Amino acid sequence: MAGHSKWHNIRHKKAKMDAKRGQLFTKLLREITVAAKQGGGDPEFNPRLRIAIEKAKKANMPIENIERAIKRGTGELEGVNYEEVVYEGYGPEGVAIIVECLTDNRNRTTSEVRHLFTKHGGNLGSSGCVSFLFEEKGIITVPKDSISEEEIFEKAIEAGAEDINTEDDTYYEIKTDPKDLYAVKEALEKEGVKIEKAELTRLPTTTVEIKDAETAQKLIKLLDALEDSDDVQKVYSNFEMSEEMMKQLA
């Protein structure tokens, strides 16, 4: 996995989820609303909505909250109109960063994202300045304690996956073409494979190695601040650093 993916997993394990739950619910509800608006309110025919609902249920979100968000997206209930905005910029040492947002006020979000970049030693760039350093892929994570490496390789390739990463201690990471993500996920589930999550992501094609502890700390503070912003849904970066350093920073 790229450094950012490893950091996110470490951070997730150490986070006090109760304190983050309200913010997590806000992000999930926005994603459900936008997914329903773009693809309709029936998850059977809207893969993005189906994945968003699954994430919300795993976070123990009440079903009535999910249903209201879907109805806001389809227009059955009045609600805020969110738009998708993508920002690109640089962190310390020129690390490439992409920030995906759902916002009801583009000017406010742009100002907030620019402020966070500047505050933590980075700078907001123009559209397209770093996106060419990433490729869009589907990623499915499967707990390692639920299936053997040999078996997951066989089932994943048969289901149409491109590759399987086994480096993480806890999960297998199955990589797919973006358009095949949901089909591969469903094929694996039919084979009885336990899936932790499935999502579209951006993987770096080149990385920047961070060896200096002070630089690492500045970068992690920037990434965490961006991820904690209410309007931000996902953050991607192309840094690499040792897992030992990440755990110290966590």
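Trainee: What does the side chain of Asp212 reach at the start of H8?
Mentor: In this predicted model, one of the side-chain oxygens of Asp212 comes to within 3.3 Å of the backbone nitrogen of Glu214, at the start of helix H8.

Trainee: Moving past the helix, where does Asp231 lie?
Mentor: Asp231 sits in the loop that links H8 to strand E9 (232–237).

Trainee: Is Asp231 buried or exposed there?
Mentor: Its relative accessibility is 7%, so Asp231 counts as buried, the cut-off for that being under 20%.

Trainee: What is Asp231 in contact with, then, apart from its neighbours in sequence?
Mentor: Leaving out residues within four places in sequence, Asp231 is in contact with Arg30, Glu100, Cys101, Leu102, Thr103, Arg108 and Thr109. With Thr109 there is also a polar contact between the two side chains, at 2.6 Å.

Trainee: Switching to the sheet, what order do the four strands have?
Mentor: The sheet is open, its order is E5-E6-E4-E7, and the pairing is antiparallel. Strands E5 (163–165) and E7 stand at the edges with a single partner strand each, so one side of each has no neighbour in the sheet. From one strand to the next, the twist averages 35 degrees.

Trainee: How many bridges join E5 to E6?
Mentor: Three bridges join E5 to E6 (residues 171–176), the two strands running antiparallel, and Asp163 has Lys175 in E6 as its bridge partner. Helix H6 (residues 149–159) packs on the sheet, where it touches E4, E5 and E6, and its direction makes about 20 degrees with that of E6.

Trainee: Why is E7 described as largely enclosed?
Mentor: Six of the eight residues of E7 (residues 197–204) are buried, so the strand is largely enclosed by the rest of the structure, even though E7 stands at an edge of the sheet.

Technical notes. Residues numbered from 1 in each chain as written. Predicted model: local features only at pLDDT ≥ 70, side-chain atom pairs only at ≥ 80, totals over all residues. Heavy atoms only, no water. Buried < 20%, exposed > 50% of the residue type's maximum accessible area, 1.4 Å probe, protein only. Polar contact = N/O pair within 3.5 Å; in protein donor to acceptor, adjacent residues only side chain to side chain. Pairing = 2+ DSSP bridges. Axes fitted to C-alpha atoms, helices over the stretch in contact; angles between N-to-C directions. Contact = heavy atoms within 4.5 Å.
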